[in-house]
Amino acid sequence: MENLGAITFRETALLVDQRTGTHAELERVADVVAHENAHMWFGDLVTMSWWNGLWLNEAFATFMEMLAVDDWKPEWKRWESFSVARAAAFSVDGLVSTRPIEYPVRAPKDADAMFDILTYEKGASVLRMLEQHIGPTVFRDGVRQYLRTHAYGNADTKDLWTSLGAVAHQPVPELMDGWIFQPGFPLVTAEVQGSQLRLSQQRFTYLSQESTTQQLWQIPIQIRFSIRGRTEHHKLLLTERETSIDLPAGVTSIFVNEGGHGFYRVRHQGVLLQQLLDQGLKRLAVIERFALVSDAWATTIAGMTPLPEYLRLTHHL
Ligand SMILES: [Zn+2]
């Protein structure tokens with residue numbers, strides 16, 4: 001646990017034998033050490049004004065676990081193994097009864113229920129999505145500005161977005177509000193219509209529910225177009241129910257959510273899925289392949305993808 005200038009550890013979270021410890025044990029110790037050190041800045045140097053802001057301390061420290069451990073031991077591929085934790089957050093957040101990351105807290109004990117996967121893993125995931133959207137260097141500069149501005153003081157969630165938005169010259173507060181103050185996450189459906197790629201969003205839930213149909217997010221989307229041996233990358237922010245973009249000439253396959261860092265599911269419809277299968281799923285990055293298969297499985301369970309289509313996909317693994 002973090003205290004200003006004095007981090008306390010359970011022995012099991014600090015002591016591990018490098019020769020006999022399993023990879024999971026080594027990773028766990030590295031994670032906890034990185035996490036608690038990150039709290040020196042997020043939590044101690046800058047403290048959240050009140051308990052409703054707990055998520056930011058914990059999500060940021062969780063995000064830093066991956067960032068620091070990935071830098072220290074790139075061969076551990078920490079962002080790939082984070083896919084498993086993110087998948088667990090998706091499972092909880094796909095329930096109609098899920099909660100927003102941040103909600104009003106009156107008494108400190110009301111925050112007890114916040115120490116969960118939505119605060120830590122979903123929180124870290126949406127930070128990763130934002131970092132990839134505005135770029136790691138800009139993201140880091142924005143964090144530095146936030147820490148400088150609020151050092152030895154208190155801050156709220158919006159203060160971080162304000163700093164990141166100022167440095168990125170983008171409306172970060174508007175982008176992030178939907179991810180923090182709304183429950184759940186979107187499903188993005190991608191399909192080819194003529195010479196265009198159509199992208200649409202709806203909330204993903206395992207059970208269909210009337211009350212969720214109006215929700216909208218500002219969704220950072222990275223798309224990779226494969227065009228006869230070369231690739232083109234496209235970034236956009238889906239703010240409406242749907243949008244369409246022109247397809248580059250000669251495109252042979254398209255992957256939506258390139259890098260797999262977005263906290264949303266994607267349904268590659270019809271010919272898009274077929275093209276990915278034809279080019280071979282091994283050509284996708286590990287995180288992308290994991291996302292493609294788990295998104296297909298989740299949408300199959302939710303009754304949005306026919307079972308044969310899912311089986312066709314797994315047959316190619
Ligand atoms: Zn923590």
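Two strands are taken to pair if DSSP finds at least two bridges between them. The exercises below apply to a predicted model.

**Exercise 1. Determine the strand order of the four-stranded open sheet, and identify the strands at its edges.**

Solution. 
Step 1. The order of the four strands is β7-β4-β3-β9, and their pairing is mixed.
Step 2. The edges are held by β7 (242–246) and β9 (265–268); each has a single partner strand, so one side of each is left without a neighbour in the sheet.
Step 3. On average, and with direction ignored, neighbouring strands of this sheet are turned by 20° against each other.

**Exercise 2. Describe how β4 and β7 pair, and find the bridge partner of Arg198.**

Solution. 
Step 1. Strands of a sheet pair through backbone hydrogen bonds, either parallel or antiparallel.
Step 2. For β4 (residues 196–203) and β7 the sense is antiparallel, over five bridges.
Step 3. Arg198 has Ser244, in β7, as its bridge partner.

**Exercise 3. State which strands helix α9 lies across, and give its angle to β9.**

Solution. 
Step 1. Helix α9 comprises residues 286–301 and lies across β3 (186–193) and β9.
Step 2. The helix runs at about 85° to β9.

**Exercise 4. Classify the ring pair of Phe60 and Phe139, and decide whether each residue is buried or exposed.**

Solution. 
Step 1. The whole structure contains 16 aromatic pairs.
Step 2. In the pair of Phe60 and Phe139, the ring centres are 6.4 Å apart and the planes stand at 5°. Planes under 30 degrees apart count as stacked, so this pair is stacked.
Step 3. The pair links distant parts of the chain, with Phe60 in helix α2 (residues 54–72) and Phe139 in helix α5 (residues 136–150), 79 residues apart.
Step 4. Buried means under 20% relative accessible area. Phe60, at 4%, is therefore buried, and Phe139 counts as buried at 4% relative accessibility.
Step 5. Phe60 and Phe139 also belong to one aromatic cluster, whose members include Phe42, Phe63 and Trp79.

**Exercise 5. Identify the ring over which Arg265 lies.**

Solution. 
Arg265 lies over the face of Phe90, at 4.7 Å from the ring centre.

Notes: Residues are numbered from 1 along each chain as its sequence is written. This is a predicted model: local features need pLDDT of at least 70, side-chain atom pairs count only at pLDDT 80 or more; totals for chains, interfaces and linings use all residues. Side-chain values use heavy atoms; hydrogens and water are left out. Helices (H or I, at least four residues) and strands (E, at least two) are DSSP runs, numbered from the N terminus. Axes are lines fitted to C-alpha atoms, for helices over the stretch in contact, and angles run from 0 to 180 degrees between N-to-C directions. Contact means heavy atoms within 4.5 Å. Rings of Phe, Tyr and Trp (its six-membered ring) pair if their centres lie within 6.5 Å; planes under 30 degrees apart count as stacked, over 60 as edge-to-face and the rest as tilted. Buried means under 20% relative accessible area, exposed over 50%, partly exposed in between (1.4 Å probe, protein chains only). A charge sits over a ring if NZ of Lys or CZ of Arg is within 6 Å of the ring centre and within 35 degrees of the ring normal.
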